[in-house]
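Please keep the sequence and the structure in view while reading.

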Amino acid sequence: MKGKDESVSEFEERLAGIIQALKKKYPDASLELRFQNGFQLLVAVILSAQCTDERVNQVTDTLFRKYPTPERFLEVPVEELEKDIRPTGFYRNKAKALRSCCRVLVDRYGGEVPRDIEELVKLPGVGRKTAAMVLGNAFGVQQGIAVDTHVKRVCQRLELSRAQTPEKMERELMAKIPRDDWTWFSNAMILHGRYTCTARKPQCGRCVMEPLCPFPEKNI
Ligand code: SF4
């Protein structure tokens, strides 16, 4: 996972510098999705596919009052749920995913969100990214590093990993980043990718990791 011409110790030193710079810039990095418990965060993350967190928050502000439990998602007719989540896009698929997930939560887990990544990924539509995000942010359980599109892009540019799949990148990052930092690291990278190391035009001139970043197409 080290960069092209970098020794292991050079990589480790650079990684330590990156973590230090990130901690200074994002000491308490958290998600921008609003939630009050693990179930709400699970719903919000499912709704956030192909949608901004801002739009999801607008929808969930009222959604969570009307649907406080997994049981409630199953009671309300699917057409009504579709209407309630429509502004988040792909609402038919999302309504289906939410109901399938709630069905399993009710039938197998007594309506509670399991606090174990191996159990969480058994829920329909829940992959490691969603599971790690929910566990880390709602329960303080560090069992994975959520690798979303921002984490993937920023880590590739920083040459923290050249893995092409989120699964492989997560494994590589978990091997190098202290476990207590897993959730924070993912949250910080998401913020950095969203507002600084953006896909089309990274703001390298105001990036705290710029001196440690080997990305050849920096925008300074
Ligand atoms: S220097 Fe540029 S490419 Fe590297 S992490 Fe910062 S914003 Fe991204």
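Does R194 count as buried or partly exposed, and at what relative accessibility? In this predicted model, R194 counts as partly exposed, because its relative accessibility is 25%, which lies between the 20% and 50% cut-offs.

- By the rule applied here, the count comes to 15 salt bridges.
- The side chain of R194 meets that of E32 in a salt bridge, with N and O 2.5 Å apart, and this pair joins helix α11 (residues 182–195) to the loop between α1 and α2, across a separation of 162 residues.
- E32, at 30% relative accessibility, also counts as partly exposed, and salt bridges with shared partners bring E32, D53 and R194 into one network.
- K176 is bridged to E12 with the closest N and O atoms 3.3 Å apart, a link from helix α10 to helix α1 between residues 164 positions apart.
- K176 is partly exposed at 32%, and E12 is likewise partly exposed at 40%.

- R103 forms a salt bridge with D107, the closest N and O atoms being 3.2 Å apart; because the two residues lie 4 apart in helix α6, about one helical turn separates them.
- R103 is partly exposed at 41%, whereas D107 is exposed at 53%.

**Packing of α5 against α6**

- Helix α5 (residues 78–85) packs on helix α6 (residues 91–109) at an angle of about 120 degrees, with the axes 9 Å apart, which makes α5 oblique to α6.
- The crossing of these two helices is right-handed.
- In the contact, V78, L81, E82 and I85 of α5 meet α6 residues including Y91, R92 and L98, and the contact residues divide into 6 nonpolar, no polar and 4 charged.

Methods:
Residues are numbered from 1 along each chain as its sequence is written. This is a predicted model: local features need pLDDT of at least 70, side-chain atom pairs count only at pLDDT 80 or more; totals for chains, interfaces and linings use all residues. Side-chain values use heavy atoms; hydrogens and water are left out. Axes are lines fitted to C-alpha atoms, for helices over the stretch in contact, and angles run from 0 to 180 degrees between N-to-C directions. Angles under 35 degrees count as roughly parallel, over 145 as roughly antiparallel, 65 to 115 as roughly perpendicular and the rest as oblique. A crossing is left-handed if the near helix is turned anticlockwise from the far one by less than a right angle, and right-handed if clockwise. Contact means heavy atoms within 4.5 Å. Ala, Val, Leu, Ile, Met, Phe, Trp, Tyr, Cys and Pro count as nonpolar, Asp, Glu, Lys and Arg as charged, and the others, Gly among them, as polar. A salt bridge is a side-chain nitrogen of Lys or Arg within 4 Å of a carboxyl oxygen of Asp or Glu. Buried means under 20% relative accessible area, exposed over 50%, partly exposed in between (1.4 Å probe, protein chains only).
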